[in-house]
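Subject: Structure handover and notes

Dear colleague,

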Amino acid sequence: MGSEVKSADAKIKPQPSYPPNPTLYLSNIDWSIKKPLLKRSLVALFSRHGKVMEVICLRGDSVGKGQKPKCLRGQAWVIFESLAAASAALEAERGFVFFGRPLMVNYAKEVSDRVAKRDGTYNAKARERRAKRKLDETGEDGAVKSVKIKLEGGAAPAPETSESSNAQASNDPSTLLLAKNLPSECNDMMLAMLFRQYSGYKKVNMAAGNRATIEFETDSQATAALKGLNGFKLSASANLDLSY
C-alpha cells in the first residue's frame, strides 16, 4: 500500500494504510468535475464490485484570487455493503485513470455511520466530526444538496422502443449495442466504465440525439452486456435503454 503512482505531470505521495473496512477513501480527483457527474461516474465504476450503499463527494467552496483551495476538494468516499466488495474494488480500481488522473483508493480512516450503526459500533463523536464535513456539501447556488446515491440491486429493464434514427434499433443480435435517451451529463467515460466489465468490450462512440453505440467483439458478448445493463439506473430519472 505504500507504493507511489505517477501521472503525466505529478508524483503521487505514498498512500496511507488503514485497517480494512467497507468504506473506501478516494483522492486525486479532478476538482472541476461537477458533483452530479462525479457521483454517477463513481457509482458506475465501483458498483460492479458489489452493492454500493452510499457515495459522498466533496468539492469544497470556490476560492478567490491568491487563496489556497480547501483541502476537502477532490475527495470522495464509497461505502460498500461488505468488506469483500470494498477490498475487491480497492485492488481493481487503485490507479485507474479517472477523468485524466490516477485514482487514489484506500480504506477510510473511519468506518461510515451507516456501517457502524448496522454493526453496532456507532460513535456519536465520530458522527459530529463527519457532520462538519457535510457542511461542504453545498451546491453552487448555495442550497444544500443530497450526497447519497442508493442502488437497489438492479433496476427494472427499460421498455424497448422503435425510434427511427440514423442508428437504427434492431431485434437481431449484433456486435453493436445502441443506447438511447441518455441524460445530458452522460459521457463516453461513464459508459465505458459500465461496459468494460463485460468480456469483448471494444469501445464507446457518442452520437447525436442523446445516443451512443457500444462495440463488442462478438454478438454473444454484446448480448450478455445488454441483458446485464439494460435498465441500469443512470440518474434519478433516467435508465439505460439498450437495444441492438
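Predicted model: local features only at pLDDT ≥ 70, side-chain atom pairs only at ≥ 80, totals over all residues.

Residues are numbered from 1 along each chain as its sequence is written, and side-chain values use heavy atoms, with hydrogens and water left out.

The secondary structure of the protein comes to 6 helices and 10 strands, where helices (H or I, at least four residues) and strands (E, at least two) are DSSP runs numbered from the N terminus. Of its 244 residues, 44% count as buried, meaning under 20% relative accessible area, with exposed set at over 50% and partly exposed in between (1.4 Å probe, protein chains only). Among the contacts (heavy atoms within 4.5 Å) with a separation of 6 or more, 67% come from residues 24 or more positions apart.

Helix α1 (residues 35-46) and helix α5 (residues 188-195) have axes that come within 8 Å and cross at roughly 20 degrees. That makes α1 roughly parallel to α5, since angles under 35 degrees count as roughly parallel, over 145 as roughly antiparallel, 65 to 115 as roughly perpendicular and the rest as oblique. The axes are lines fitted to C-alpha atoms, for helices over the stretch in contact, and the angles run from 0 to 180 degrees between N-to-C directions. On the α1 side, Leu 37, Arg 40, Ser 41, Ala 44 and Leu 45 meet Met 190, Met 193 and Leu 194 of α5. By class, this contact has 6 nonpolar, 1 polar and 1 charged residues, with Ala, Val, Leu, Ile, Met, Phe, Trp, Tyr, Cys and Pro taken as nonpolar, Asp, Glu, Lys and Arg as charged, and the others, Gly among them, as polar.

The structure also holds 5 aromatic pairs; rings of Phe, Tyr and Trp (its six-membered ring) pair if their centres lie within 6.5 Å, and planes under 30 degrees apart count as stacked, over 60 as edge-to-face and the rest as tilted. One of them is the tilted pair of Tyr 25 and Trp 77, at 5.4 Å centre to centre and with 50 degrees between the planes. Because Tyr 25 lies in strand β1 (residues 23-27) and Trp 77 in strand β3 (residues 75-80), this pair ties together parts that are 52 residues apart in sequence. Trp 77 counts as buried, at 10% relative accessibility.

The rings of Phe 195 and Phe 216 form an edge-to-face pair, because their centres are 6.3 Å apart and their planes stand at 70 degrees. Phe 195 lies in helix α5 and Phe 216 in strand β9 (residues 211-216), so parts 21 residues apart in sequence are tied together. Phe 195 is buried at 0% relative accessibility, and Phe 216 is buried at 1%. Ring pairs link Phe 195, Tyr 201 and Phe 216 into a cluster.

Finally, Thr 223 sits in helix α6 (residues 219-229) and is buried at 17% relative accessibility. Leaving aside neighbours within four places in sequence, Thr 223 is in contact with Pro 173 and Tyr 244.
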